[in-house]
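Here is a short report for a reader meeting this structure for the first time. Please look over the sequence and the model before reading on.

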Amino acid sequence: MRKTRIIGTGSYVPKMVLTNFDLENMVDTSDEWIIERTGIRERRIAGKDEASSDLAYEASLRALKASGVKAKDIDLIILATTTPDMAFPSTACILQDRLNARKAVAFDISAACSGFIYALSIADQFIKEGTYKFVLVVGSEVLSRITDWSDRTTCVLFGDGAGAAVLQSSTNRHGIISIHLHSDGALKDLLFIPGGGSRNPASKKTIEKGLHYIKMKGNETFKIAVRNLEEAALEATKSNNINASDIDLFIPHQANLRIIQAIAKRLDLSMDKVFVNIDRYGNTSAASIPIALDEAVSEGRLKEGDLILMEAFGGGLTWASALVRW
């Protein structure tokens with residue numbers, strides 16, 4: 001039976017580092033408070049000349065190099081982002097041009113922090129059906145552009161970065177085992193950006209009201225995230241008749257260290273089986289999981305045959321899990 005296998009990963013983060021001590025000079029907060037509440041120590045911030053497509057391009061080059069696949073051979077590019085270069089064309093099309101991947105179909109998807117797993121699911125279907133052979137899946141975000149740096153409840157959380165993976169058909173046991181997607185639009189107001197779309201198009205009034213920045217109800221989001229992520233993880237294990245103890249590496253969305261620890265505890269997973277890099281990058285939304293996956297590969301945390309569980313939770317609300325045999 002045809003499966004979808006990840007054959008190369010890559011990631012890129014901007015050079016500029018914004019530490020908690022830097023934030024102490026910007027808003028009423030402290031390094032101690034941020035670490036205690038979130039686990040974040042620093043995050044990366046894109047330069048003035050860097051957009052989502054630029055970060056995506058660098059991550060994609062590295063993923064292509066790792067896979068041994070040429071850009072000209074890529075059949076499909078799916079890019080997950082909440083911070084596209086512009087309303088249209090899609091950032092995926094801009095990336096396609098930069099890579100000179102002329103035969104590739106390219107499009108964006110919007111599922112906030114769950115975007116990379118959503119994109120994996122789409123790629124998985126195309127590959128399993130035999131429609132495409134090589135697919136490039138990317139998560140890229142420049143969240144610093146939609147962050148209110150005067151709002152101490154949100155500005156400490158987010159950072160910029162991109163991650164990418166090249167996927168190919170496989171006929172052995174390695175590859176994506178199952179993906180589980182969920183959404184609940186009734187909870188859309190817990191995490192959203194009210195301005196900039198057709199509901200509240202950009203105007204002097206929307207700018208003055210700060211409607212183009214991330215709005216979040218933190219406490220409510222935290223509780224729902226823990227519950228839904230636990231359910232998504234158990235859905236992945238139960239549907240495949242395995243136990244959480246069978247997982248070799250858990251790669252969660254890097255939103256909040258306390259959420260990650262709570263999920264690990266509920267799954268009875270020791271933290272040495274959990275990949276964490278939130279302390280260095282903060283929440284990079286759709287880029288979070290592919291950056292973590294690439295770093296896990298680079299650090300030798302994954303070996304052939306390992307069982308990986310990835311999961312994410314984001315605005316929409318959306319949440320998802322993916323079980324992969326490396």
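## D184 and its surroundings

Leaving aside neighbours within four places in sequence, D184 is in contact with G316, L317 and W319. This is a predicted model. D184 sits in the loop between β8 (175–183) and β9 (191–192).

Is D184 buried, partly exposed or exposed? D184 is partly exposed, because its relative accessible area is 27% and that class lies between the 20% and 50% cut-offs. V166 is 18 residues from D184 along the chain. The C-alpha atoms of D184 and V166 are separated by 29 Å.

## P201

P201 also belongs to a loop, the one between β9 and α6 (204–208). The relative accessibility of P201 is 47%, so P201 counts as partly exposed. The cut-off for exposed is over 50%.

Which residues does P201 touch? Not counting residues up to four places away in sequence, P201 touches G196 and T206. K188 is 13 residues from P201 in sequence. From C-alpha to C-alpha, P201 and K188 are 18 Å apart in space.

## T154

T154 lies in the loop between β6 (134–142) and β7 (160–170). Its relative accessible area is 3%. Buried means under 20%, so T154 is buried.

What does T154 touch? With residues up to four places away in sequence not counted, T154 touches D148, I214 and M216.

## The largest pocket

Now to the empty space. Rolling a probe the size of a water molecule over the atoms shows where such space is left.

The largest pocket has a volume of about 810 Å³. How many residues line the largest pocket? The lining has 29 residues. T82, T83, P84, I146 and I193 lie nearest the centre. By class, the lining of the largest pocket divides into 15 nonpolar, twelve polar and two charged residues.

## The second largest pocket

The volume of the second largest pocket is about 610 Å³.

Which element gives the most to the lining of the second largest pocket? That is α7, with seven residues. The lining of the second largest pocket holds 17 nonpolar, ten polar and four charged residues.

## The whole chain

The secondary structure of the protein chain comes to ten helices and 13 strands. The radius of gyration of the chain is 19 Å, close to the 20 Å that the globule rule gives for 326 residues, so the chain is as compact as a globular protein of that length. The C-alpha trace spans about 55 × 45 × 35 Å along its principal axes.

How much of the chain is buried? Buried residues make up 56% of the 326 residues. Among contacts with a separation of 6 or more, 76% join residues 24 or more positions apart. The accessible surface of the chain is about 14300 Å². Carbon and sulfur atoms account for 49% of that surface.

Definitions and conventions
Residues are numbered from 1 along each chain as its sequence is written. This is a predicted model: local features need pLDDT of at least 70, side-chain atom pairs count only at pLDDT 80 or more; totals for chains, interfaces and linings use all residues. Side-chain values use heavy atoms; hydrogens and water are left out. On a 1 Å grid over the protein atoms alone, a cavity is a set of points where a 1.4 Å probe fits but cannot get out, and a pocket is an open set with protein on both sides within 12 Å along at least five of seven lines; lining residues have an atom within 4 Å of a point. Grid points are joined across faces, edges and corners, and a volume is the space filled by probe spheres set on the points. Ala, Val, Leu, Ile, Met, Phe, Trp, Tyr, Cys and Pro count as nonpolar, Asp, Glu, Lys and Arg as charged, and the others, Gly among them, as polar. Helices (H or I, at least four residues) and strands (E, at least two) are DSSP runs, numbered from the N terminus. The radius of gyration is taken over C-alpha atoms; the globule rule is 2.2 Å times the number of residues to the power 0.38. Buried means under 20% relative accessible area, exposed over 50%, partly exposed in between (1.4 Å probe, protein chains only). Contact means heavy atoms within 4.5 Å. Accessible areas come from the Shrake-Rupley method with a 1.4 Å probe; for residues, only the protein chains shown count as cover.
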